[in-house]
Amino acid sequence: MRAMVGISCCVKAFGLFGTPNHAASDSYVRVSLGPIGAVPVLLPAAGEALVPDILPRLDGLMLTGSRSNVHPNHYDGPAHAEGTPEDPQRDSTTLPLIRAAIAAGLPVLAICRGFQELNVALGGSLDQRIQDLPGRIDHSTPSDQKLSGVRTGKAHAVRITPDGQLARIWTAAGAPFRAEAVPVNSLHNQGVCRLAPRLVAEAWAPDGTIEAVRVADAPGFVLGVQWHPEYDWEQDARSRAIFTAFGAATAAWAAGQRPEAVRRAAA
Ligand SMILES: N[C@@H](CCC(=O)NCCCC(=O)O)C(=O)O
């Protein structure tokens, strides 16, 4: 049986009456059925109460990107500027879900908003418009590219730690990379300010923005990236390798294989 991967949903207004719908982009469904090799299960943004019922049924958790932003109350930050999109129902679902998934050793892959959620869930904070900070570059959706290229276009390079999780994944997959400069796409305004105590940074943009993290003491696979590998995995071997590595962890979980730390804790 294939693994089941939970995909975080946003609450978005749809239709003539703008009724709230729980939604995730098709790109997460496709990457799940593609290189992850798992059945995608869309998780409604229905709050913390569902977490104990949902978690034991999953073999992995993928936290999606979204234009909305984690509410600053979750990290004691200043109020967002007027008009900044928020999604409190998503926050109240994903933040406890992330903590529970990591504690259980479940494989977790966190992308863009999901990466920011991972940082906040574990006690970190966010800068709200990094392009307004001195010395920082604009990481937001570029307006000078044709629409089809906006999501996939490489916007800047990241430097990665040569002995980190990303380097291991790409080396194992035979995906070529230069640790000093790996090109990535970029569609975000916010970024990590205070890194959560359990997170270890392993990629940085040229302006110092943290672009990838792992959890130092996680019992299982946990990777967070600020960019969007789900947009170009069909063309980009490094993007694809991130998903195949996550997929291998979810397949092992589905087959009943637990990381050593989880087995020890259960013994
Ligand atoms: N809202 C945060 C997170 C950005 C993010 O996840 N962007 C994805 C956009 C998805 C899309 O439009 O395709 C921020 O702005 O920092």
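Modeller: Happy to. Buried residues make up 40% of the 267 residues in the protein chain. Please keep in mind that this is a predicted model.

Biologist: How do you know how confident the predictor is in the protein chain and in the complex?

Modeller: The mean pLDDT of the protein chain is 96 on a scale from 0 to 100, and 98% of its residues reach 70 or more. For the complex, the predictor gives an ipTM of 0.96 and a pTM of 0.97.

Biologist: What makes the radius of gyration agree with a compact globule?

Modeller: For 267 residues, the rule for a compact globule gives a value near 18 Å, and the protein chain has 17 Å, so the two agree. Along the principal axes, the C-alpha atoms fill a box of roughly 50 × 45 × 35 Å.

Biologist: Why is Gly-224 called buried?

Modeller: The cut-off is 20 or more other C-beta atoms within 10 Å. Gly-224 has 28 such neighbours, so it counts as buried. This glycine lies in strand β13, residues 222-225, and its contacts include Gly-114, Phe-115 and Leu-118.

Biologist: Which helix do Gly-114, Phe-115 and Leu-118 belong to, as buried residues?

Modeller: They are among the buried residues of α4. That helix spans residues 113-121, and just after it Gly-123 takes a positive phi of about 105°.

Biologist: What makes you call α4 mostly covered?

Modeller: The count of buried residues does: nine of its nine residues are buried. Arg-113, Gln-116 and Glu-117 are among them.

Biologist: How do you know whether Cys-112 is buried or exposed?

Modeller: Cys-112 has 24 C-beta neighbours inside 10 Å, so with the threshold at 20 it counts as buried. Cys-112 lies in the loop between β6 (108-111) and α4, and its phi, near 50°, is positive although the residue is not glycine. Cys-112 is also one of the residues around the ligand.

Biologist: What is the make-up of the shell around the ligand by class?

Modeller: The shell has two nonpolar, seven polar and three charged residues. Cys-112 and Leu-187 are in the shell and belong to the nonpolar class. The residues around the ligand also include Arg-67, Arg-113 and Arg-151, and arginine counts as charged.

Biologist: Which residues have the most contacts inside the largest nonpolar core?

Modeller: Leu-61, Ile-98, Val-108 and Phe-246 do, in a core of 63 residues. Helix α7 (residues 237-254) gives the most to this core, with eight residues. In soluble globular proteins, nonpolar side chains tend to be buried together.

Biologist: What does Val-108 touch, leaving out residues up to four places away in sequence?

Modeller: Val-108 touches Leu-61, Ile-98, Ala-101, Ile-102, Phe-221 and Val-222. For the chain overall, among contacts between residues at least 6 apart in sequence, 71% join residues at least 24 apart.

Note on methods
Residues are numbered from 1 along each chain as its sequence is written. This is a predicted model: local features need pLDDT of at least 70, side-chain atom pairs count only at pLDDT 80 or more; totals for chains, interfaces and linings use all residues. A nonpolar core is a set of buried Ala, Val, Leu, Ile, Met, Phe, Trp, Tyr and Cys residues joined through C-beta atoms within 7 Å. A residue is buried if 20 or more other C-beta atoms lie within 10 Å of its own, exposed if 12 or fewer, and partly exposed in between; C-beta atoms are placed from the backbone. Helices (H or I, at least four residues) and strands (E, at least two) are DSSP runs, numbered from the N terminus. Two residues are in contact if their C-beta atoms, placed from the backbone, lie within 7 Å. The radius of gyration is taken over C-alpha atoms; the globule rule is 2.2 Å times the number of residues to the power 0.38. A residue is near a molecule or strand if its C-beta atom, placed from the backbone, lies within 6 Å of it.
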